Amino acid sequence: MDLTEYFRIRLSTVRAFEDLPFDIYIYLDGKMITYVKIGSQLTREKISHLHGKDTGESFYVHLSHQQIYRDHVKFSMNSDKITNDEKANILRETSIGILEDLYEAPDVGKALEQSKPIITELLTFMDNAPESIGKLISLSGHDFYTYNHSFDVSIYSLGLGQALGFDKKTLEELGQSSLFHDVGKRNVPIEILCKKGPLDENEWVQMRMHPTYGLKILNEHTGISDAIKAACYEHHESWTGGGYPQDLSGNEIHPFGRIVALTDTYDAMTTQRSYNKPMKPTEALNMMKEKISGRFDPDMLNAMYSILFKMEKKVS
Ligand SMILES: [Fe+2]
Ligand SMILES: [Fe+2]
């Protein structure tokens, strides 16, 4: 079975009570099995029930139907029958589906290129429906890899980049680099990434290698900008020094590295993990400002306050 002939989708991006314009497959025992046939309909209940299982069992569509699927999603995104909050959910789930494929793609250069439309759509959505930005952010940070986390960090970084007055081109690059900031975690054993509970010393040593692994992965491809590499390699550096892997400080750290350092920590603090309770947005920022402010560029930390009201994770 050639998995590369299929791409992953999230069921919540499919409209209920409509004739499906493509087949949906699941991958079982090494075989791709038709799960919902073209022309049949899904109920909303079935979608939300199955969606809960999306992380373990993926749903696929054949590549020959990719354009039809994209048009299906585009139609929802342009429909005035669908609320902006629902659109935020569709945009999020389509993007995460793409990210799952991209994170496993061997060619990171190509994956970065293919992630561009995600960022463009995010920026458009953030401009058109600022009141629904919070809906783009996941309520649970728990996933097998780091898709939700990477996606959320991108949204925060784009918001912060906008507040700092970045132009569109820079924002696009910032969005892409945020999506891939943890790409080096590919080389960290899955048991460590998914460990429930604090890591021991040896596990931390391996975990802290991920910026270096990331740079190595990015360096294997040509045409990847220094800014994108910096977000990956420098996002665990600290404004007053003492970070890793290079122990840089202040303006030695690339602005993208400084931004992701901030949005990455912010996301970790406000996300539900198995071993901690998530903080409220203002609580997290105050803590960053009072207890660990030395880690962050002070101007950027202040700018983060100005976008907070838009970025709150909302429970519907
Ligand atoms: Fe990281
Ligand atoms: Fe991260």
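The structure here is a predicted model.

**Iron site**

Around the iron ion (ligand 1), the four donor atoms subtend angles of 82 to 169°, so the arrangement is irregular. For reference, ideal angles are 109.5 degrees for four tetrahedral donors. The protein donors of the iron ion (ligand 1) lie 2.1 to 2.3 Å from it. They are tabulated here.

| Donor residue | Donor atom |
|---|---|
| D182 | OD |
| H210 | NE2 |
| H235 | NE2 |
| H236 | NE2 |

Along the chain, the donors of the iron ion (ligand 1) are spaced as D-x27-H-x24-H-H. Distant parts of the chain are linked by the pair D182 and H236, 54 residues apart. D182 sits in the loop between α7 (168-179) and α8 (190-193). H236 sits in the loop between α11 (226-233) and α12.

**Helix packing**

Helix α12 (residues 255-270) packs on helix α14 (residues 298-307). The angle is about 50°, and the axes are 10 Å apart. That angle makes α12 oblique to α14. The crossing of the two helices is right-handed. From α12, the contact uses P255, R258, I259, L262, T263 and Y266. From α14, M300, L301 and M304 take part. By class, the contact of α12 with α14 has seven nonpolar residues, one polar and one charged.

Technical notes: Residues numbered from 1 in each chain as written. Chains lettered and ligands numbered in written order. Predicted model: local features only at pLDDT ≥ 70, side-chain atom pairs only at ≥ 80, totals over all residues. Heavy atoms only, no water. Axes fitted to C-alpha atoms, helices over the stretch in contact; angles between N-to-C directions. Helix = DSSP H or I, 4+ residues; strand = E, 2+ residues; numbered from the N terminus. Parallel < 35°, antiparallel > 145°, perpendicular 65-115°, else oblique. Left-handed = near helix turned anticlockwise from the far one by under 90°. Contact = heavy atoms within 4.5 Å. Nonpolar A, V, L, I, M, F, W, Y, C, P; charged D, E, K, R; others polar. Donors = N, O, S within 2.8 Å, 3.2 Å for Na, K, Ca; no water. Tetrahedral: all angles 85-135°; square planar, octahedral: opposite > 155°, others 65-115°.
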